Amino acid sequence: MHIQSVLHPAGVEAGIVSHLWWVMFWTCAVVWVAVAGGMLLALRRGRARTAPGSERVLFRNVLVATGISIVALVWLLFESVLTGRAQENLSTQHSLHILVTGYQWWWDVEYENPTPSLRVTTANELHIPVGRPVIVDLFSGDVIHSLWIPNLQGKIDLVPGRLNTLTLEADRPGVYRGQCAEFCGAQHAHMALVVVADPPDIFERWLTANRAPAPPPGNPSQVRGKEVFERGPCAMCHNITGSLASAHTAPDLTHVASRSTIGAGTLPNTRGYLAGWIVDPQHIKPGNYMPPTGLSDEELQAVLDYLETLK
Ligand code: CUA
């Protein structure tokens with residue numbers, strides 16, 4: 001994963017934001033050096049204060065300092081407006097549309113398509129093609145969240161009852177970390193989003209693979225796991241297309257085995273961590289909305305066997 005930083009832009013929008021940051025940094029650095037230098041000079045010349053005509057010099061200096069401050073502020077305002085314009089005027093031709101909904105404390109991700117069967121739903125992982133603008137429509141299912149993928153774009157809020165839109169484009173392949181940037185409750189810090197930018201052909205392959213329903217279970221343990229999932233508490237909240245589980249109040253698990261993390265970036269997606277998560281999610285992420293499942297050892301192992309097939 002790339003270092004999560006606004007100073008390492010990997011996309012057009014982040015590049016524009018980063019440019020503004022450097023303009024502000026150097027402008028402020030020059031102003032700071034000038035002020036500090038002026039202050040040192042004044043300290044050295046302090047004794048001349050009572051010299052005749054010193055009040056006129058003081059007045060002139062105040063005028064010069066005020067003038068410079070106004071010029072610097074107008075310059076920064078001008079650069080900010082230019083940045084906003086540049087962001088707005090980016091081409092969104094042939095763009096990809098994704099709908100991201102923030103929940104306490106995970107991200108629901110839907111790839112829009114006029115044909116309902118071609119839509120893809122996933123969670124906590126955003127796959128995007130390199131070199132193609134992506135329009136992300138943002139909603140919230142509960143409280144205000146904020147999506148921030150520093151390497152790709154500035155942050156934007158997800159507000160209940162309101163649609164906000166973000167455009168981003170990655171210019172090179174990579175895995176970038178995004179996160180919720182607005183305090184939204186106890187597990188705000190565990191609300192990360194992994195963004196995978198792939199060359200267009202690899203992205204299309206991912207999209208096609210994710211359109212498919214979950215593969216049928218192969219061995220008896222996987223069959224048993226699917227049965228436990230469908231008849232147990234899991235199906236009350238989760239969806240696995242291709243099974244009887246079709247609830248949508250928790251992350252979609254149709255292709256959960258293909259994702260790199262669980263609990264919205266809280267833990268790596270391995271069998272051991274997944275087992276710990278299923279047995280006692282409250283221990284790992286206190287306050288989250290997944291209750292303890294109360295599965296027996298045998299049921300747990302079967303469910304893990306089944307979940308591992310959901311590539
Ligand atoms: Cu969602 Cu902070």
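A nonpolar core, as I use the term here, is a set of buried Ala, Val, Leu, Ile, Met, Phe, Trp, Tyr and Cys residues joined through side-chain atoms within 4.5 Å. I'm working from a predicted model.

**Cores.** I looked up the largest nonpolar core first, and it has 33 residues. Ile98, Tyr111, Leu126, Ile128 and Leu152 have the most contacts inside it. I then picked Leu152 and listed what it touches beyond four places in sequence: Ala10, Gly11, Glu13, Ala14, Ile128, Leu168, Glu169, Ala170, Tyr176 and Val195. There is also a second, separate core of 23 residues, with Phe229, Ala235, Leu307 and Leu310 among them.

**Helix H2.** I checked the length of H2, which runs over residues 54–88. At 1.5 Å a residue, its 35 residues should span 51 Å, and I get 51 Å between the end C-alpha atoms, so the two agree. Which residues of H2 are buried? I find Ala72, Leu76, Glu79 and Thr83. Helix H1 (12–44) is part of what covers them.

**Glu125.** This one sits in strand S4, residues 125–129. I wanted to know which side chain of opposite charge is nearest to Glu125. That is Arg259, 5.6 Å away. What I did find is its side chain reaching the backbone nitrogen of Ser260 at 2.9 Å. Setting aside neighbours within four places in sequence, I list Val109, Leu193, Val194, Val196, Ser258, Arg259, Ser260 and Thr261 as the contacts of Glu125.

Technical notes: Residues are numbered from 1 along each chain as its sequence is written. This is a predicted model: local features need pLDDT of at least 70, side-chain atom pairs count only at pLDDT 80 or more; totals for chains, interfaces and linings use all residues. Side-chain values use heavy atoms; hydrogens and water are left out. Buried means under 20% relative accessible area, exposed over 50%, partly exposed in between (1.4 Å probe, protein chains only). Contact means heavy atoms within 4.5 Å. Helices (H or I, at least four residues) and strands (E, at least two) are DSSP runs, numbered from the N terminus. The expected span of a helix is 1.5 Å times one less than its number of residues. Lys and Arg count as positive and Asp and Glu as negative; His and the chain ends are not counted. A salt bridge is a side-chain nitrogen of Lys or Arg within 4 Å of a carboxyl oxygen of Asp or Glu. A polar contact is a pair of N or O atoms within 3.5 Å; within protein, one must be able to donate a hydrogen and the other to accept it, and residues adjacent in sequence count only if both atoms are side-chain atoms.
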